[in-house]
Amino acid sequence: MQPTTDRLVLRPWTAAEVGAVLDGTGSAHWADDFPADGDRVIASLFDDNPAWLGEHGHRLIIERDSGLVVGSIGLFWPPHEGTLEIGYGIVPSRRGRGYAPEATLALAEFALGAPSVHTVSATVELSNPSSVRVLEKAGFRRWTTDENTARFRLTHPDAGNPR
């Protein structure tokens, strides 16, 4: 199954896409400013983390209207004690359209459907208020804050934890 929204498709990376990001060749199916630095970092880690390319791993964010890849989002599989970390990024040319919270909620709900997952979490730098707003708009709740970061989570309604 592949998570979708009215405006976005979230589908796994292909090996060819990973290779194109790593060697900088690009694709006609990518927004002009894809990949961002974070996408390059994730692509470089797939060899050491093959589960990230599985059913509950990392995905490309595709804008339905244009068919272009406009970012990436991922679950850092496998879960640890029922919790998965999520990360996301939208290219600058598509920011401000609500894609990041839309994709984040869709992938988090998908992850919470896995039998071994009851919580999806994210850690954000407090110096990145846009990322904090993404999580709040996606329904995540702040659960801890330290000097530089805040941790947010979304829990399965049956998990018995505060959402």
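Which strand is V69 found in? V69 sits in strand β3, residues 69-75, with strands taken as DSSP runs of E of at least two residues, helices as runs of H or I of at least four residues, and both numbered from the N terminus. A quick word on ground rules: this is a predicted model, where local features need pLDDT of at least 70, side-chain atom pairs count only at pLDDT 80 or more, and totals for chains, interfaces and linings use all residues. Residues are numbered from 1 along each chain as its sequence is written, and side-chain values use heavy atoms, with hydrogens and water left out.

- V69 is buried, at a relative accessible area of 2%; buried means under 20%, exposed over 50%, and partly exposed in between, using a 1.4 Å probe and protein chains only.
- Leaving aside neighbours within four places in sequence, V69 is in contact (heavy atoms within 4.5 Å) with H29, W30, A31, F34, L60, I61 and I62.
- F34 is 35 residues away from V69 along the chain, yet their C-alpha atoms are separated by 7.1 Å.

**The nonpolar core**

- A nonpolar core here is a set of buried Ala, Val, Leu, Ile, Met, Phe, Trp, Tyr and Cys residues joined through side-chain atoms within 4.5 Å.
- The largest one has 48 residues, and W13, F34, I61, I86, V120 and F140 have the most contacts inside it.
- Helix α3 (residues 99-112) gives the most to this core, with 9 residues.
- In soluble globular proteins, nonpolar side chains tend to be buried together.
- Once neighbours within four places in sequence are set aside, V120 is in contact with L75, L84, I86, A108, A111, L112, F140, F152, R153 and L154.

**T119 in strand β5**

- T119 belongs to strand β5, which covers residues 119-125, and is buried at 4% relative accessible area.
- The T119 side chain makes a polar contact with the side chain of H118 at 2.7 Å. That term covers a pair of N or O atoms within 3.5 Å; within protein, one must be able to donate a hydrogen and the other to accept it, and residues adjacent in sequence count only if both atoms are side-chain atoms.

**Salt bridges**

- Count a side-chain nitrogen of Lys or Arg within 4 Å of a carboxyl oxygen of Asp or Glu as a salt bridge, and the total comes to 6.
- R7 and E102 form one of them, at 2.5 Å from N to O. R7 lies in the segment before β1 (8-12) and E102 in helix α3, so this pair ties together parts 95 residues apart in sequence.
- R7 itself is partly exposed, at 33% relative accessibility.
- R11 pairs with E17, with the closest N and O atoms 2.4 Å apart; R11 is partly exposed at 23%, whereas E17 is buried at 12%.
- E63 and R94 form a salt bridge with their closest N and O atoms 3.1 Å apart. Since E63 lies in strand β2 (residues 58-63) and R94 in the loop between β4 (83-90) and α3, the pair ties together parts 31 residues apart in sequence.
- Both E63 and R94 are buried, and salt bridges with shared partners join E63, R94 and R97 into one network.

- The F34 to P35 peptide bond is cis, with omega near 5 degrees; P35 is in the loop between α1 (15-23) and α2 (37-45).
- The W77 to P78 bond is also cis, with omega near 5 degrees, and P78 is in the loop between β3 and β4.
- E81 lies in the loop between β3 and β4 and has a positive phi of about 50 degrees although it is not a glycine. E81 is exposed, at 68% relative accessible area.
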